[in-house]
Amino acid sequence: MARRYWNINLEEMLEAGVHFGHGTKKWNPRMAPYISAKRKGIHITNLTRTARFLSEACDLVFDAASKGKQFLIVGTKNKAADSVARAAIRARCHYVNKKWLGGMLTNWPTTETRLHKFRDLRTEQKMGRLNRLPKRDAAMLKRQLSRLQTYLGGIKYMTGLPDIVIIVDQQEEYTALRECITLGIPTICLIDTNCDPDLADISIPANDDAIASIRLILNKLVVAICEGRSSYIRNP
């Protein structure tokens with residue numbers, strides 16, 4: 001895998017608060033190698049290590065995107081949801097930002113059935129067929145469509161399991177991470193000081209509670225994915 005320069009700036013990460021971890025009483029001892037100090041009762045993440053692993057993650061996604069691989073970005077908590085959707089749409093990735101439905105990947109045939117139903121209902125709505133149904137039936141199908149849009153809207157074009165999954169907040173998305181591990185899908189995980197750095201293929205130590213921190217990490221990954229996709233288009 002070719003090494004590239006991703007313009008990962010320590011000062012930029014400091015401004016985004018990437019270095020702020022959780023309170024010293026709420027931490028995972030396995031994160032010790034990624035912590036540089038304690039300050040006012042919280043752990044401070046070593047940004048040099050953050051930069052190193054973020055660079056490795058950017059190399060990985062660039063290489064995968066340049067081969068036409070597919071990505072899924074997962075982040076369902078309120079502070080991450082908007083950033084996840086924006087990043088995914090910009091990089092033409094699939095995403096889940098509302099709720100992870102258990103078995104979404106490990107029980108892919110069921111997910112695929114739901115996606116077919118979702119696409120069919122969207123087509124019916126676009127063609128105006130729902131409005132020609134009895135009001136009660138139309139209301140029921142519209143509610144169903146709304147629920148499917150909420151939970152599956154970000155993966156509506158996904159036709160198979162993703163090649164790489166990017167996860168924001170390991171603890172919040174633990175079910176999604178376990179499904180990836182079960183299926184052998186490579187993962188990139190944004191981890192705070194209360195996480196286990198050994199679970200994901202690449203763990204990026206960073207503040208997973210600050211919107212600016214989440215946005216910065218995702219933005220670097222998105223740039224790498226977009227550059228990789230451009231390379232794939234130029235050299236199919």
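The C-alpha centres of domain 1 and domain 2 lie 32 Å apart. The domain assignment, whose bounds come from an automatic or database source, places residues 12–105 + 162–234 in domain 1 and residues 108–153 in domain 2. The model is a predicted one, in which local features need pLDDT of at least 70 and side-chain atom pairs count only at pLDDT 80 or more, while totals for chains, interfaces and linings use all residues. Residues are numbered from 1 along each chain as its sequence is written, and side-chain values use heavy atoms, with hydrogens and water left out.

Turning to the interface, domain 1 and domain 2 bury about 610 Å² between them, with 61% of this area from carbon and sulfur atoms; buried area here is the accessible area (1.4 Å probe) that two parts lose on being put together, summed over both. On the side of domain 1, Lys98, Leu101 and Met104 supply 58% of the area buried against domain 2, more than any other three residues. Across this interface there are 0 salt bridges, a salt bridge being a side-chain nitrogen of Lys or Arg within 4 Å of a carboxyl oxygen of Asp or Glu.

In one of them, the side chains of Asp208 and Lys77 meet at 3.6 Å, N to O. This pair links distant parts of the chain, 131 residues apart, with Asp208 in the loop between β8 (202–205) and α7 (211–234) and Lys77 in the loop between β4 (71–74) and α3 (78–91). Helices (H or I, at least four residues) and strands (E, at least two) are DSSP runs, numbered from the N terminus.

Aromatic pairs number 2, counted for rings of Phe, Tyr and Trp (its six-membered ring) with centres within 6.5 Å; planes under 30 degrees apart are stacked, over 60 edge-to-face and the rest tilted. The ring centres of Trp6 and Phe62 lie 5.8 Å apart with planes at 55 degrees, so this pair is tilted.
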